[in-house]
Each structure stands twice: as C-alpha cells, then as structure tokens.
Amino acid sequence: MLKVDNLHVRYGGIGALRDVSLNVAVGETVLLIGANGAGKSSLINAIIGLVPTSGGTIRFNERELVPISCAERARSGIGYSPEGRCVFPSMSVTDNVLCGAFGRGRKRQLQALDWLKSIFPLLADRAGQPAGQLSGGEQQIVALARAMCSLPTLLLLDEPFLGLAPIWISRISNAIRELQRRGTTILMTEQMARPALKLANRGYIMRSGEIRRAGTAVEIRDLALAEEYL
Ligand SMILES: Nc1ncnc2c1ncn2[C@@H]1O[C@H](COP(=O)(O)OP(=O)(O)OP(=O)(O)O)[C@@H](O)[C@H]1O
Ligand SMILES: [Mg+2]
C-alpha cells in the first residue's frame, strides 16, 4: 500500500533523513520507534507532503506522491494526526473533527461525524466545547477523529501517546484498536515503544535519520529492550 524508497529529507544544511526505505501492507500497523531527533516526524511529514524531499520515492497504491500536493495526498486516502495533536483550541470539538474532511461535501462530512461519534462517545458528549478546554488525552481522541473524518485507508499517527498518563495511553490504545478493527492501515511513530508495540504487527528502529533495524513486533521489542527504547 505504502512504499518508501531511498528517501532523503534536508532542512537547509541538516540531513534529517538518509536513504530511508520502508513499506506498509494493507491492514498492517507499522511502528517507527526512535529517540528525539531520530527523524520519525520528518518521515511522516514527508509522506503527507508537509516537508519537501530531496531524493527518493514515496508510492501510495502504486501512485508516486512526491510530485503531488499535500491536499491531493489527503484526498487519495491518507489521514494524518500530527505530533502534539494540534487541535484548534477555540473551535468546537465538532468543528475540529469536521475540518478533517474539509471540502468533501456536507453530507459526507456529517455521515463521517456520526460514524466517529458512534466509535468515540466523547465526540458527542463534548460536541460544542472548545477543543482547547479538553485534557491532552481527550484532545488526542479529537485529533484521531479529525484524521479519520475523511475516511482514509492509511492513517499516519505521529506520537499519539505524547505526554499522556498511563490511563490515557490505554484509552488511546483502545481507540487505535477500534480503527484497526474497522480496517484502517496505520503507520505510527512512538518513543513509548512498550505500549505501541502491543498495537503493531511490525516495526522499524530509527536513529540519526536512518532506519537501523526492521522486524516483527516481537523482534523489535527484543531489540528495543537491548537498545533501551522501552
Ligand atoms: N523544521 C526544521 N528545521 C530544521 N531542522 C529540523 C526541522 N524539523 C526537524 N529538524 C531536525 O531534523 C532532525 C529530525 O527531527 P524529527 O522531528 O524528524 O525527529 P523525531 O524523531 O520526530 O523527534 P521527536 O521524537 O523529538 O519528535 C532533528 O535533528 C531535528 O532537529
Ligand atoms: Mg517527532
């Protein structure tokens, strides 16, 4: 479904990704783990088109993404939940979710919203509340729902557990499982390898802008233990 080959990203003189290759098959959840600055967000942001690439290819369902805009990548079926959630604080929960399907037509937006409310009751309970008033965990649910509102087939999740207490890590894990059950393919990043590996089929370990290891969730757990990512 997603195939990244020999990808390079540079910020001015700084190389953030070097020769990165990975793939994600339909129905899989794939985890990227690595310490601060390893290049996880750069990779996610290059796939959705928020940072330009300086070499390599990104294919999504056989289509080359590098030449096409961020909006067109989203329209082709990629959802994106950014690191730090980035909800619009003064907008209501409902409007935050709906803007994930901006330009898709009111009827489709509202159908998606109803579907998401049935999965995540918080969206109905707090519908009119400004998203900035919610807790970090609640905001992560809003960010997940916003990313899913366009009914993507591939969801990019950048550090969904960032800054969350254990109870919310488990609630967000359950929310992600619900999306998995409904057939969403996921590429996620995390520094918290232990809970993230429970959700993943496979993983890659990144360091200094490169992929150092790849393997099944069990193999990555053993490697991560040895390399102190847990
Ligand atoms: N906009 C930017 N301009 C310049 N350098 C950047 C920019 N964004 C990231 N970098 C650098 O690129 C490298 C990779 O950063 P990136 O944010 O992709 O890592 P990360 O694995 O997501 O880290 P974290 O776990 O802290 O989110 C780092 O050295 C970082 O300082
Ligand atoms: Mg990051």
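Here is a short chat about the contacts in this predicted model.

The model is predicted, with local features needing pLDDT of at least 70 and side-chain atom pairs counting only at pLDDT 80 or more, while totals for chains, interfaces and linings use all residues. Residues are numbered from 1 along each chain as its sequence is written, chains are lettered from A and ligands numbered from 1 in the order in which they are written, and side-chain values use heavy atoms, leaving out hydrogens and water.

Colleague: Glad to look at this with you! Which helix gives the most residues to the shell around ligand 1?
Modeller: There are 13 residues around ligand 1, where near means a heavy atom within 4 Å. Asn 36, Gly 37, Lys 40, Ser 42 and Glu 83 come nearest. With 3 residues, the top contributor is helix H1 (residues 40-48), helices being DSSP runs of H or I with at least four residues.

Colleague: Nice. How far is the side chain of Ser 42 from an oxygen atom of ligand 1?
Modeller: Polar contacts here are pairs of N or O atoms within 3.5 Å. Glu 159 places a polar side-chain atom 3.0 Å from a ligand 1 oxygen, and a backbone N or O atom of Gly 39 lies 2.9 Å from one. For an N or O atom in the Ser 42 side chain, the distance is 2.5 Å.

Colleague: And which residue forms a salt bridge with Arg 18?
Modeller: A salt bridge needs a Lys or Arg side-chain nitrogen within 4 Å of an Asp or Glu carboxyl oxygen, and the structure holds 11. In the Arg 18 bridge, the closest N and O atoms are 3.1 Å apart. The partner, 192 residues away in strand E10 (residues 210-216), strands being DSSP E runs of at least two residues, is Glu 210.

Notes
Polar contact = N/O pair within 3.5 Å; in protein donor to acceptor, adjacent residues only side chain to side chain.
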